[in-house]
Amino acid sequence: MEPLLEIKDLRIEFGTFEGISHVLDGIHLTLGRGDTLGLVGETGCGKSITAKAILRLLPIPPARIASGEILFEGEDLLKKSEEEMKGIRGRQIAMVFQDPMTFLNPVFTIEEQLVDVILAHGNGDDSGIPGGRLDRKRAIQKAIELLREVKIPQPELRIKSYPHEFSGGMRQRVLIAMALSRSPQVLIADEPTTALDVTIQAQILWLIHDLVQRHGHSVLLISHDLGVVARVCKRIAVMYAGNIVENCSTLQLFKKPLHPYTQGLLNSILTFSKRESEAQVIKGMIPDLIQPPPGCRFHPRCFATMELCKKEKPPMIEIEEDHWVSCHLYKR
Amino acid sequence: MKGKSSVLGRWREERESQTRSLKLIVYTLSRSPLSVIGFFCVSVFLIIALMGPMIITYPGDVKGAVHMDQKLRPPSSNHPFGTDEVGRDIYSRVIMGTRLSFQIGLIIIFIAMGIGVPLGIIAGYVGGWLNEIIMRVTDIFLSIPGLLLALAIVGALGPGIKNAMLALSIVWWPGYVRLVQGKTLSLREESFVEAAKSIGASKLRVIFSHILPNCTSPIIVKASMDMGMAILFAANLGFIGVGAQPPEPEWGAMISTGRNYLPDHWWMATFPGLAILITVLGFNLLGDGLRDILDPQSRI
Amino acid sequence: MAEPLLEVKNLKKYFLLRKGSLQGRRENVRAVDGISFFIGCGDSFGLVGESGSGKTTVARVILRLIEPTEGEVLWDRRDIYKFSESEMKEMRRNMQMIFQDPHSSLNPRKTVFKSVAEPLIIHEGVRRRMLRERVEELLEIVGLKGEHMFRYPHELSGGQKQRVGIARALSLHPKLLILDEPTSALDVSVQAQMLIFLESLQERMNLTYLYISHNLAVIRYTCDTIAVMYLGKIIEMGGTEFIFSSPRHPYTKALVSAVPLPQAEQPERMIFLEGDIPSATHIPSGCRFHTRCPEKIGAICEEVEPHTQYFSDGTQVNCHLYQ
């Protein structure tokens with residue numbers, strides 16, 4: 001089955017004061033219809049950049065797409081015009097960001113902002129009028145329905161509020177409502193709960209999980225928190241220094257992590273359930289992407305480095321069913 | 001670590017970060033062509049101001065001399081900018097006017113900062129009724145258009161360069177109070193100020209060692225833009241006749257006289273005018289460029 | 001377990017908010033609303049809570065960075081709120097804080113050297129040569145090299161900045177360190193590293209820790225005793241393992257259930273709290289958790305504030321379910 005979204009060999013560079021930073025080093029990702037994929041990694045691994053690249057939100061320059069394709073329903077997004085991208089952003093591929101406050105305009109009510117989004121794309125999928133536009137009243141009705149979907153209590157009243165009258169969790173729900181207003185096929189969520197309290201985070205993650213189950217959106221969830229990703233996603237891709245090092249199901253990742261970085265990561269993170277076990281440390285530091293290590297970018301920190309690792313970048317191969325790794329330790 | 005106790009080694013260590021910062025500044029500046037132009041103009045201005053007496057051709061003409069037989073000559077090899085109505089070499093006068101403008105601008109800015117910055121910090125840090133008093137007084141001054149206020153003050157004190165400078169300092173200090181008070185208010189809430197208090201720093205130490213150094217960026221940006229504007233205002237006063245008095249080679253005064261000889265003897269007003277244009281533009285562009293650098297976002 | 005190093009008694013901190021421009025209607029933000037606890041010498045005590053719980057305010061009031069509205073903080077049996085300015089300055093040597101955001105807790109205009117040396121200059125008037133030696137020592141303790149000494153904060157990584165903050169706090173040989181979210185600004189793979197380091201530091205330098213965090217994993221890893229805070233009050237307190245393995249208070253249960261675990265099997269039954277955390281200006285009557293409590297009994301929860309119930313295992317809880 002043809003995947004909905006497919007990233008092929010994407011390489012992105014960033015021009016900086018000290019030189020060119022090779023932030024993405026040829027990544028491959030696929031997202032099928034109804035899939036929930038988690039993109040996990042630490043600061044600087046390139047996960048946010050990947051998300052922004054899909055929607056062509058990267059500032060060019062200083063960013064530069066060196067090579068690769070981003071295929072959405074078979075068509076390369078990188079070759080589309082800005083006009084065409086406008087039709088895709090928010091409509092077919094929607095994004096939810098980390099900090100809800102900065103993405104809501106403080107001087108407009110929630111109603112105005114939601115209606116804006118609903119009407120902005122002109123033709124409603126469900127307006128019933130071919131090529132017609134939802135008029136304002138119907139748009140408001142739809143907005144109230146959306147708020148109800150994201151479980152905001154008394155939506156008819158609360159829709160008249162301003163963003164600052166909402167709590168962080170509520171604002172994030174509004175953003176999710178906005179993102180889903182056009183029934184997009186793909187929802188990209190970039191650290192959607194990082195700024196929220198623990199109990200609120202649980203609510204929002206459950207909401208996303210529930211919405212996805214009911215409406216069948218495909219989700220790309222980006223986070224540094226493996227626990228968050230485990231709650232929502234069936235598959236996980238682990239990123240390190242601009243590469244995807246492992247891509248497999250959630251179950252496989254925790255039961256049988258293959259890549260040394262994944263193993264190190266799992267051993268080094270603090271988890272609430274383990275009490276007495278000593279967390280282990282991955283030696284070394286995240287590499288400088290202006291002069292990244294040759295060959296496999298993880299080799300300076302890997303406990304299983306071989307000569308080959310210093311020279312050649314390992315290809316991404318399928319070891320078991322749908323369990324992909326990029327590491328010289330494994331042969332097909 | 002013990003081996004590095006040589007004085008030179010230590011000095012070099014301490015300056016390492018500063019050199020890196022300098023390189024970053026040069027890099028950022030060079031990316032904006034306008035800033036480069038600004039920097040260039042200001043450099044030329046400063047060099048001329050400093051070298052003044054060494055590059056003029058007719059030192060006597062700067063103030064006193066009168067050569068009626070040379071009057072109103074158009075630009076020539078002898079007199080690149082021509083001569084004025086009493087035969088003085090305009091080139092020499094413009095050059096010395098540069099030095100004069102530099103001094104005027106500097107004094108105004110320094111007095112304004114000297115009054116405005118301490119008041120701003122006190123207002124911002126202490127808060128309460130002291131803040132209210134200071135800010136309201138500042139508001140009153142700011143509500144009067146600068147040039148009008150300056151005119152009123154000079155009108156009261158009498159014309160002359162010194163009075164003009166005094167008047168303009170009075171016009172300028174409130175801007176610094178506003179700027180510094182705002183910056184202090186935001187700095188007051190920063191973690192490192194809290195940290196300073198938690199290690200036992202006194203109020204004075206917090207103000208001088210923590211808040212003030214972090215105010216310098218916006219102050220520098222403002223000062224560089226203000227230099228240009230202060231020079232312009234001084235020239236305005238000179239033009240009206242209440243600033244520098246003849247025979248001072250002040251640009252504004254020169255334009256004032258030269259105006260009467262337009263358009264036939266265009267060089268009398270044009271060259272001082274160009275000097276003002278380039279100077280003020282230069283400072284504005286440089287100030288803009290500096291703002292881009294000193295803004296925290298560009299610090300990696 | 002010796003006598004308490006620090007004892008907090010019925011501490012309250014209310015902030016005055018003025019609403020409405022002309023009438024000046026005043027509202028109280030009851031950030032900390034009467035809490036009591038003690039920390040023994042050498043202990044690691046944790047204050048757990050989400051936003052609005054008041055835990056960060058508690059830290060600042062204990063350090064006397066802000067003045068309390070009511071209550072006592074006893075250090076060595078003496079109430080620090082009765083200290084004069086000079087006594088307070090001396091007191092500062094005993095208690096130091098590691099701030100949450102390493103990026104803003106260092107003065108961007110001061111080199112590492114100046115930042116770490118400052119406490120020494122203020123309190124001991126140490127001279128130049130000695131200063132350098134002391135700073136070098138401190139940097140070594142926190143694992144930073146001499147070459148970092150003359151760097152500016154923006155040239156350091158988050159973890160390094162955090163360590164500079166620790167070096168600065170240690171310079172006066174404090175007895176108590178308050179750690180406000182010490183790892184939240186760090187990458188996940190280095191968080192554990194930092195905590196391990198802090199633990200070894202505690203042993204080496206005989207320190208007592210007060211951890212403040214909303215991250216339950218961090219708290220569980222580091223603290224022996226914890227107090228769970230909600231809207232300004234402690235609702236459950238006791239040994240960490242007792243509380244986390246069998247929480248009594250419905251809020252604690254929900255908190256524990258909400259932590260996303262990085263493992264393949266996700267818990268079947270999760271407890272979800274309805275609605276949002278109430279604003280601190282409109283604290284619910286009676287038990288302040290009743291508006292979201294999944295185990296609410298009835299009217300009693302809305303009207304009466306529950307007393308503290310003590311148990312034989314050293315834990316305590318404030319909930320009508322246990323009265």
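**View 1. The two domains of chain A, whose centres lie 30 Å apart, taken over C-alpha atoms.** Chain A is divided into domain 1 (5–233) and domain 2 (262–332); such bounds come from an automatic or database domain assignment. Across the boundary, 11 residues of domain 1 of chain A are in contact with 7 residues of domain 2 of chain A. Here, "in contact" says that the C-beta atoms of two residues, placed from the backbone, lie within 7 Å. Strand E2 (residues 19–31) of chain A gives the most to the domain 1 side that touches domain 2, with 7 residues. By class, that side of domain 1 of chain A has 3 nonpolar, 5 polar and 3 charged residues. For these classes, Ala, Val, Leu, Ile, Met, Phe, Trp, Tyr, Cys and Pro count as nonpolar, Asp, Glu, Lys and Arg as charged, and the others, Gly among them, as polar.

A note before you look further: this is a predicted model, in which local features need pLDDT of at least 70 and side-chain atom pairs count only at pLDDT 80 or more, while totals for chains, interfaces and linings use all residues. Residues are numbered from 1 along each chain as its sequence is written, and chains are lettered from A and ligands numbered from 1 in the order in which they are written.

**View 2. Chain A as a whole, with 11 helices and 12 strands.** Helices (H or I, at least four residues) and strands (E, at least two) are DSSP runs, numbered from the N terminus. The radius of gyration of chain A is 21 Å, close to the 20 Å that the globule rule gives for 332 residues, so chain A is as compact as a globular protein of that length. That radius is taken over C-alpha atoms, and the globule rule is 2.2 Å times the number of residues to the power 0.38. Along the principal axes, the C-alpha atoms of chain A fill a box of roughly 65 × 50 × 45 Å. Of the 332 residues in this chain, 44% count as buried. A residue is buried if 20 or more other C-beta atoms lie within 10 Å of its own, exposed if 12 or fewer, and partly exposed in between, with C-beta atoms placed from the backbone.

**View 3. Helix H1 (residues 47–54) of chain A, a mostly covered helix.** How many of the 8 residues of H1(A) are buried? The count is 6, namely A:Lys47, A:Ile49, A:Thr50, A:Ala51, A:Ala53 and A:Ile54. Just after H1(A), look for A:Arg56, which takes a positive phi of about 55°.

**View 4. Where chain A meets chain C, with 35 residues of chain A in contact with 30 residues of chain C.** Several helices of chain A each supply at least two residues to this side, including helix H6 (168–180) and helix H8 (226–232). Which helix of chain A gives the most to the side that touches chain C? That is H7(A), with 7 residues. By class, this side of chain A has 17 nonpolar, 12 polar and 6 charged residues.

**View 5. The largest nonpolar core, with 255 residues.** A nonpolar core is a set of buried Ala, Val, Leu, Ile, Met, Phe, Trp, Tyr and Cys residues joined through C-beta atoms within 7 Å. The members that touch the most others are A:Leu220, B:Ala164, B:Leu168, B:Ala230 and C:Ile178. Helix H8 (residues 203–240) of chain B gives the most to this core, with 16 residues. Domain 1 (5–233) and domain 2 (262–332) of chain A both give residues to the core, so it lies between them. Zoom in on B:Leu168: leaving aside its neighbours within four places in sequence, B:Leu168 is in contact with B:Ile108, B:Ala150, B:Ala230, B:Phe233 and B:Ala234.

**View 6. B:Ser256 in helix H9 (residues 251–259) of chain B.** Chain B has 10 helices and 0 strands. Is B:Ser256 buried or exposed? B:Ser256 is buried, because 20 other C-beta atoms lie within 10 Å. Not counting residues up to four places away in sequence, B:Ser256 touches B:Gly238, B:Phe239 and B:Gly241. B:Ser256 and B:Gly238 are 18 residues apart in sequence and 7.7 Å apart in space, C-alpha to C-alpha.

**View 7. An open sheet of 8 strands in chain C, with mixed pairing.** The strand order is E6-E7-E8-E3-E9-E10-E12-E11 (chain C). Two strands pair if DSSP finds at least two bridges between them. At the edges are strand E6 (95–98) and strand E11 (309–310) of chain C, each pairing on one side only. Strand E10 (residues 233–239) and strand E12 (residues 316–317) of chain C pair in the antiparallel sense over 2 bridges. Opposite C:Val317 in E12(C) stands C:Glu236.
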